[in-house]
Amino acid sequence: MTEQGRPTGIQYEDAADAAMHGGSVDFEGRKVRVLSLNSKTGTDEAPSAQLDLDLGEEYLVLIGYFWDGKFMETSRERPLEDTT
């Protein structure tokens, strides 16, 4: 593993199912909608996965990897955040 990750509590199976069916996962104490999951399967190297989430009031992109079936966050982006 090339980069330390922060556990999110999101399981791969839950994220994949939610992404396919427009569902939600538990993230930081609340239900959030999974917009998409992009993952290079079969690798635990960071970063190898991207999880796009709809938090309701904003969108969040988590970058990281899956380790033992759990998503480990290495960074995050807020793609629609006002930069002015």
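What follows is the request in detail and one answer to it. In what order do the six strands of the open sheet stand, and which residues form salt bridges?

Tutor: This is a predicted model, in which local features need pLDDT of at least 70 and side-chain atom pairs count only at pLDDT 80 or more, while totals for chains, interfaces and linings use all residues. Residues are numbered from 1 along each chain as its sequence is written, and side-chain values use heavy atoms, with hydrogens and water left out.

The chain has one helix and six strands, taken as DSSP runs numbered from the N terminus (H or I, at least four residues, for helices; E, at least two, for strands). Along the sequence they follow the pattern β-α-β-β-β-β-β. Of the 84 residues, 36% are buried; that label means under 20% relative accessible area, with exposed over 50% and partly exposed in between (1.4 Å probe, protein chains only).

The six strands make an open sheet with antiparallel pairing, in the order β1-β6-β5-β4-β3-β2. Two strands count as paired if DSSP finds at least two bridges between them. The edges are β1 (6-11) and β2 (24-27), each with a single partner strand, so one side of each has no neighbour in the sheet. On average, neighbouring strands are turned by 50 degrees against each other, direction ignored. Helix α1 (residues 12-21) packs on this sheet and touches β1, β2, β3, β4 and β5, its direction making about 90 degrees with that of β3. Contact here means heavy atoms within 4.5 Å; axes are lines fitted to C-alpha atoms, for helices over the stretch in contact, with angles from 0 to 180 degrees between N-to-C directions.

In β2, Val25 and Phe27 make up the covered face, and Ser24 and Asp26 the uncovered one. Four bridges pair β2 with β3 in the antiparallel sense, and serine 24 has arginine 33 of β3 as its bridge partner. The β2-β3 hairpin has two residues between its strands, and glutamate 28 takes a positive phi near 50 degrees there. Further in, β3 and β4 run antiparallel and are joined by six bridges, with leucine 37 opposite leucine 51 in β4.

Now the charged pairs. Side chains of opposite charge can pair when their charged atoms come close. With a salt bridge taken as a side-chain nitrogen of Lys or Arg within 4 Å of a carboxyl oxygen of Asp or Glu, the count is eight. One of them links arginine 30 to glutamate 57, with the closest N and O atoms 3.3 Å apart. Arginine 30 lies in β3 (residues 30-39) and glutamate 57 in the loop between β4 (49-54) and β5, so the pair ties together parts 27 residues apart in sequence. Arginine 30 is partly exposed at 34% relative accessible area, whereas glutamate 57 is exposed at 56%.

Glutamate 58 pairs with arginine 78, the closest N and O atoms being 2.9 Å apart.

Glutamate 73 is buried, its relative accessible area being 8%, while arginine 76 is partly exposed at 30%. Through shared partners, salt bridges join Arg6, Glu28, Glu73 and Arg76 into one network.

Tryptophan 67 lies in strand β5 (residues 59-67) and is partly exposed, with 42% relative accessible area. Its C-alpha atom is separated by 9.2 Å from that of glycine 5, which is 62 residues away along the chain.
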